[in-house]
Amino acid sequence: MTELYDLLNKIQQKPGMYIGRPSVSDLFMFLCGYQYAHQNMGNPITEQENEFHEFQPWLQKRFGVSTSASWARIILLYSGDEADGLKNFFDLLTEFRNERQQSSMTLPSDSSKDLTLLHS
């Protein structure tokens, strides 16, 4: 099965092929179906899917909003239309993933002691 971020990359390249039109709301519904099918098949949650679950809280913090609205609705609120929202989604997803990657590469200054214990 295709990894989530690989699938999103394909959708970004050819949205019409996967979601019919460039639309952040349609992408959201597609991903809801993807998640449902994935769970219904009994597949375990992948690392990428687990990471993507953190996108909503990150987005709420990023825009300073506290809401029960989906990430798609939040993005649409700050976009001109559905197509702009889709573009903004991919820009925000890149920002989110870059921040996560940078934070995972940054170790606290006293972590060298912990690493020593793991290698002894």
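This is a predicted model: local features need pLDDT of at least 70, side-chain atom pairs count only at pLDDT 80 or more; totals for chains, interfaces and linings use all residues.
Reader: Why is Ser25 called buried?

Author: Ser25 has a relative accessible area of 17%, and the word buried applies under 20%, so Ser25 is counted as buried. Ser25 has its place in helix H3, and, leaving out residues up to four places away in sequence, Ser25 touches Ala72, Leu76 and Glu82. In the protein as a whole, buried residues make up 32% of the 120 residues.

Reader: Which residues of H5 are buried, and what covers them?

Author: In H5 the buried residues are Phe55, Gln56, Trp58, Leu59 and Gln60, and their cover includes H4, helix H6 (71–77) and H7. Just after H5, Gly64 takes a positive phi of about 65°.

Reader: What makes a set of residues a nonpolar core, and which residues have the most contacts inside the largest one?

Author: Such a core is a set of buried residues of the nonpolar kinds listed for it, joined through side-chain atoms within 4.5 Å. The largest nonpolar core has 25 residues, and those with the most contacts inside it are Leu8, Leu27, Phe52, Phe55, Trp71 and Phe89. H1, H3, H5, H6 and H7 each supply at least two residues of this core, and H7 gives the most, with six residues. As one of the residues named, Phe52 is in contact, beyond its neighbours within four places in sequence, with Leu4, Tyr5, Leu31, Trp71, Phe89 and Leu93. In soluble globular proteins, nonpolar side chains tend to be buried together.

Reader: What makes up the lining of the largest pocket?

Author: About 330 Å³ of space lies in the largest pocket. Of the 16 residues that line it, Leu31, Gln35, Phe52, His53 and Trp71 are the closest to its centre. Helix H3 (24–40), helix H4 (47–52) and helix H5 (55–63) are the elements that give two or more residues to this lining, and the largest share, seven residues, comes from H3. By class, the lining of the largest pocket has nine nonpolar, six polar and one charged residues.

Reader: How do you know which residues belong to the lining of the second largest pocket?

Author: A residue counts as lining when it has an atom within 4 Å of a point of the pocket, and for the second largest pocket these residues are Tyr5, Leu8, Asn9, Gln12, Phe90, Leu93, Thr94, Arg97, Asn98 and Gln101. The space in the second largest pocket is about 150 Å³. Helix H1 (4–13) and helix H7 (82–105) each supply at least two residues of its lining, with H7 giving the most, six residues. The lining of the second largest pocket divides into four nonpolar, five polar and one charged residues.

Definitions and conventions: Residues are numbered from 1 along each chain as its sequence is written. Side-chain values use heavy atoms; hydrogens and water are left out. On a 1 Å grid over the protein atoms alone, a cavity is a set of points where a 1.4 Å probe fits but cannot get out, and a pocket is an open set with protein on both sides within 12 Å along at least five of seven lines; lining residues have an atom within 4 Å of a point. Grid points are joined across faces, edges and corners, and a volume is the space filled by probe spheres set on the points. Helices (H or I, at least four residues) and strands (E, at least two) are DSSP runs, numbered from the N terminus. Ala, Val, Leu, Ile, Met, Phe, Trp, Tyr, Cys and Pro count as nonpolar, Asp, Glu, Lys and Arg as charged, and the others, Gly among them, as polar. Buried means under 20% relative accessible area, exposed over 50%, partly exposed in between (1.4 Å probe, protein chains only). Contact means heavy atoms within 4.5 Å.
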